Amino acid sequence: MKATTSFFFITLVLLFVIFISHAPSVNSQTDSCSSTPSINGISFDITNFQCSSVWDSHGFILRYKQTKTQVWSFVLSAPDNNGYIAIGFSRQGLMVGSSAIVGWGGSNRGIKQYYLGGQDSSLVDPDQGNLVVVSDTSSVTTQSSRIYMAFQLNTTQPESKLLYAVGPQGRLPSSPDFRLVQHDTMVSTTINYLSGDQGKNSQPYSRLRRGHGVLNMLGWGVLMPIGVIVARYFKQFDPIWFYAHTSIQSGGFIFGLAGVICGLVLKDRIKADVPIHKSLGIVVLVLGGLQVKAFLARPDKASKVRKYWNWYHHGLGRVMIALAVANVFYGIHLGNAGNEWNAGFGVVLALLCIAAIVLEFRKWARK
């Protein structure tokens, strides 16, 4: 019993850590479209540029203007978090097949065009792409805890579907190959160059993506923990607790199974390269299947092996839930679903943890 209780509280702590680590962060570095900053190192005048806050949650601001007949000038600014920033120009709003301008600060600051040939780093080629960059106009500078990336394109009209990305901290492109590591997060938008209005692009198979996320979140991340709470704290209501526990866990398994199937279909359709997410999902599904098998093969209460079955059933269930919760957060990150999903799921987990802690103290008090 002590081992089970300790494992239970370790699981609660892990859930809180996951929630806190995925909580939305606030950037202290600021820039504003209400004024034109004085930026050193830019080779062209940025006075009277159109300005748009293109990615509020990450502090991205884009300034642009058609400065000549076939020349468009851009300045992208973002908080300097010791990672690269990128702006991609896409015909369909997709990363693969687009061309991007990537900049980074630090002692080896730089700016390059990349062709995004695929999701793997080996398919992202430096000094390649469909953008005609005006020579000797590209620059990167940092000031006031922000990074400013300036460049000019030789084009009649830039693509209106723009991608923005942030690279992981401390992993900057470097010589000799200047390869990019996978971004931490990205967003796909559409901009109206005349008005400055912009909005997010809907992702392909958005309903399938949403179904995959919601089903797994509800099944593995919400119903399963509720079923554990019912089994641990409501046994005084025998046999109602047992039927409630099995019904909730069965529902969670069915929802989770449907979510995994949606994920496999989605992976096949968008050719996603997500081996860790897929592997964790399969492990969670296998553990869930073992729980179903354990339920069907449970020994009688009077059996000598019942206590070992209890250890197996309880321990395996908690491991499954911990892995499932971590994989849900990881899936939110991979899908660039945004802080709203992280916060929403985190709040639900926090409420379940608080309820479990209160019920645990009540259980101890009754003893």
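## Salt bridges

The side chains of lysine 112 and aspartate 127 meet in a salt bridge, with 3.1 Å from N to O, the term being used for a side-chain nitrogen of Lys or Arg within 4 Å of a carboxyl oxygen of Asp or Glu. This pair links distant parts of the chain, since lysine 112 is in strand 6 (residues 110-116) and aspartate 127 is in the loop between strand 7 and strand 8, 15 residues apart. Lysine 112 counts as buried because its relative accessibility is 18%, where buried means under 20% relative accessible area, exposed over 50%, and partly exposed in between, with a 1.4 Å probe and protein chains only. The model is predicted, so that local features need pLDDT of at least 70 and side-chain atom pairs count only at pLDDT 80 or more, while totals for chains, interfaces and linings use all residues. Residues are numbered from 1 along each chain as its sequence is written, and side-chain values use heavy atoms, with hydrogens and water left out.

The structure holds four salt bridges, and another of them joins the side chains of arginine 232 and glutamate 360 at 2.9 Å, N to O. Here too distant parts of the chain are linked, with arginine 232 in helix 2 and glutamate 360 in helix 6 (residues 339-366), 128 residues apart; helices (H or I, at least four residues) and strands (E, at least two) are DSSP runs, numbered from the N terminus. Both arginine 232 and glutamate 360 are buried. In a further salt bridge, the side chains of glutamate 159 and arginine 91 meet at 3.7 Å, N to O. Glutamate 159 is partly exposed, with a relative accessible area of 31%, whereas arginine 91 is exposed, at 72%.

## Helix packing

Helix 4 and helix 5 pack at an angle of about 155°, with their axes 9 Å apart, which makes helix 4 roughly antiparallel to helix 5. The axes are lines fitted to C-alpha atoms, for helices over the stretch in contact, and the angles run from 0 to 180 degrees between N-to-C directions. Angles under 35 degrees count as roughly parallel, over 145 as roughly antiparallel, 65 to 115 as roughly perpendicular and the rest as oblique.

The axes of helix 2 and helix 5 come within 9 Å and cross at roughly 150°, which makes helix 2 roughly antiparallel to helix 5. Valine 305 lies in the loop between helix 4 (275-296) and helix 5 (306-334), and this valine 305 counts as partly exposed, at 46% relative accessibility.

## Backbone features

Most residues other than glycine have a negative phi, and most peptide bonds are trans.
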